[in-house]
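Please look at the model below, then read on.

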Amino acid sequence: MAQPITLVGGTVVTPDGTLERADVPMAGGVFMDKVKDAQAIDCRGHYVLPGIVDVHGDAFELELHPRPGVDIAFPIAIGSIDKQLVSNGITTAFHGLTVSWEPGARSLGAARRFMGDLAAARPRLMADHRVQLRWEVFAHETLADIARWLRETPTPAIAFNDHTTDTLDLMAAGRTDKLDPWARRAGVDLDTYLALASTVAQSAAAVPAKVAEVARLGRAHSAVMLSHDERTRADRSANRALGMRVCEFPLAPEVAADARANGEPVVMGGPNVIRGASHKGLMSAEEAIGEGLCTVLASDYYYPSLLHAAERLVARGVTSLAAAWSLISQNPADAMGLADRGAIAPGRQADAVVVDASGPWRIVHTITRGIITRFGA
C-alpha cells in the first residue's frame with residue numbers, strides 16, 4: 001500500500017476546469033478530502049494536473065522490434081516502455097496492438113504473445129497498461145482470439161482498421177517502393193508480401209459480415225469500439241450503427257463534424273500538433289481543436305507528444321491550459337469509459353502529473369495510483 005501523500009501548494013486544475021492553489025491529498029491509491037500522517041510533497045510554483053490517458057499509442061513496437069528481424073525480450077521491452085510512459089506523464093496507456101493477416105510483428109502469433117506477456121507483467125508496472133486491439137478487417141482468422149481476449153480483464157478496446165485496401169491500391173498503382181518497408185516489417189521479401197496481400201484480397205466480399213460479427217462481440221462485452229480513418233459521413237453513420245462511438249483519426253473535417261454533432265469523441269494525434277501538421281498531409285489537429293472538431297489527443301507513435309501538444313496549444317493561444325489538458329486527461333478517460341480517472345477529485349484514482357511550466361514544460365513528478373516517481377526539483 002502506498003504511503004499517504006499530499007501534494008502541497010501547487011496550482012491545480014479542478015474538475016470544472018478552473019485553476020486554483022490547493023493541496024492534493026491521496027491515500028490507498030485514490031484522491032482524498034484529507035489524510036493523516038501524509039508525506040508532504042512541495043509543489044509550489046508548479047501545476048498539479050490529472051494523469052495523462054493515452055487512447056492509442058504504438059511506439060511500443062519499436063521497443064519490441066527495434067529493427068526488422070530484431071526482437072527484444074518482452075520483460076526488457078515493457079520495462080523500458082513503462083519508464084517512458086511515466087516519464088512523459090502517461091499514467092494510463094492503451095497500446096495499439098495491430099492484429100493483422102501479415103506475418104511478423106503484426107501477426108496473430110505476435111498478438112497472442114503480447115497479450116499473454118502483458119497480462120503476466122502488469123503487476124510489476126507503474127502505469128496502467130491496457131490494449132486497443134487494432135483489428136485489421138481482412139484478418140478473419142483472428143475472430144476466435146478476439147472473442148477470447150474480450151473476456152479478459154481489463155477489457156480491451158477494439159479499433160476497426162482497413163489498411164489492406166490501401167495496400168491493394170498501392171499494388172494497383174505499382175507503388176512497390178511504399179510497400180517494401182511493410183514487407184520488411186513482416187519479415188518477408190516484397191514478392192512474398194505482394195502474394196500474401198493478393199490472397200487476402202480474395203476475402204473482400206466477406207469483410208462487411210466479419211466487421212458486423214466483431215462489432216457484435218464488442219457490444220456483448222461492453223468494449224469501447226473505435227472507427228479508424230473514416231473518409232465520409234456515410235462511413236461514420238455506418239460505423240455508428242455498429243456501436244463504434246469513438247471516431248479515431250478521421251480523414252476529412254466533415255467526418256469529424258458529424259461525430260461532434262452526435263456527441264462523439266474525435267481522436268487525433270499529438271505528433272500532428274507538435275509538428276504543426278499531419279505527416280500524411282491530412283487534417284491539422286491544431287486547427288481541428290480550434291474549431292471544436294477534435295476532443296482527444298493520442299500519442300500515436302511518439303509518447304512525449306501529449307505533454308508538449310498541450311504546451312503548444314497553450315503557448316499559441318488555441319486553448320486554455322485546462323482545456324488543453326482535458327484533451328489528454330478527462331476527455332480520453334471519458335471516451336474509453338474510465339470514470340475513475342481523468343480528474344483530480346476525491347474518490348478518483350490517484351494519478352497526477354506535476355509540471356514545471358516556468359520554461360519549456362517538464363515533468364517534475366508523476367503519481368500513479370498514489371505512488372510517486374520523482375524526476376527532479
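Arg369 sits in the loop that joins β15 (362-368) to β16 (371-374). This is a predicted model. Arg369 is not a glycine, yet its phi is positive, near 50°. Its relative accessible area is 33%, so Arg369 is partly exposed.

Asp300 also has a positive phi, about 60°, and is not a glycine. Its place is the loop between β13 and α13. Is Asp300 buried or exposed? Its relative accessibility is 16%, and Asp300 therefore counts as buried, since the cut-off for buried is under 20%.

## Tyr301

Tyr301 belongs to the loop between β13 (296-298) and α13 (305-315). Its relative accessibility is 34%, so Tyr301 counts as partly exposed. The term covers values between the 20% and 50% cut-offs.

How far apart are Tyr301 and Met283 in space? Their C-alpha atoms are 17 Å apart, and 18 residues separate them in sequence.

## A cis proline and the cavity

Between Thr153 and Pro154 the peptide bond is cis, with omega near 0°. Pro154 lies in the loop that runs between α4 (143-149) and β9 (157-161).

The structure holds one cavity of 30 Å³ or more. About 30 Å³ of space lies in the largest cavity. Its lining has four nonpolar residues, two charged residues and no polar ones.

## The second largest pocket

The second largest pocket has a volume of about 160 Å³. Its lining has 14 residues, and the closest to the pocket centre are Asp23, Val24, Ile344, Ala345 and Pro346. Two elements, β1 (5-13) and β2 (19-27), each give two or more residues to this lining.

Which element gives the most to the lining of the second largest pocket? That is β2, with five residues. By class, the lining has 11 nonpolar residues, one polar and two charged.

## A nonpolar patch on the surface

Val70, Ile72 and Ile76 make a nonpolar surface patch of about 240 Å². Ile76 lies in helix α2 (residues 74-87). Why does Ile76 count as exposed? Ile76 is exposed because its relative accessible area is 59%, and exposed means over 50%.

Key
Residues are numbered from 1 along each chain as its sequence is written. This is a predicted model: local features need pLDDT of at least 70, side-chain atom pairs count only at pLDDT 80 or more; totals for chains, interfaces and linings use all residues. Side-chain values use heavy atoms; hydrogens and water are left out. On a 1 Å grid over the protein atoms alone, a cavity is a set of points where a 1.4 Å probe fits but cannot get out, and a pocket is an open set with protein on both sides within 12 Å along at least five of seven lines; lining residues have an atom within 4 Å of a point. Grid points are joined across faces, edges and corners, and a volume is the space filled by probe spheres set on the points. Ala, Val, Leu, Ile, Met, Phe, Trp, Tyr, Cys and Pro count as nonpolar, Asp, Glu, Lys and Arg as charged, and the others, Gly among them, as polar. Patches are made of residues with over 30% relative accessible area and no salt bridge: like charges are joined within 9 Å, nonpolar side chains (Val, Leu, Ile, Met, Phe, Trp, Tyr) within 5 Å. Accessible areas come from the Shrake-Rupley method with a 1.4 Å probe; for residues, only the protein chains shown count as cover. A salt bridge is a side-chain nitrogen of Lys or Arg within 4 Å of a carboxyl oxygen of Asp or Glu. Helices (H or I, at least four residues) and strands (E, at least two) are DSSP runs, numbered from the N terminus. Buried means under 20% relative accessible area, exposed over 50%, partly exposed in between (1.4 Å probe, protein chains only).
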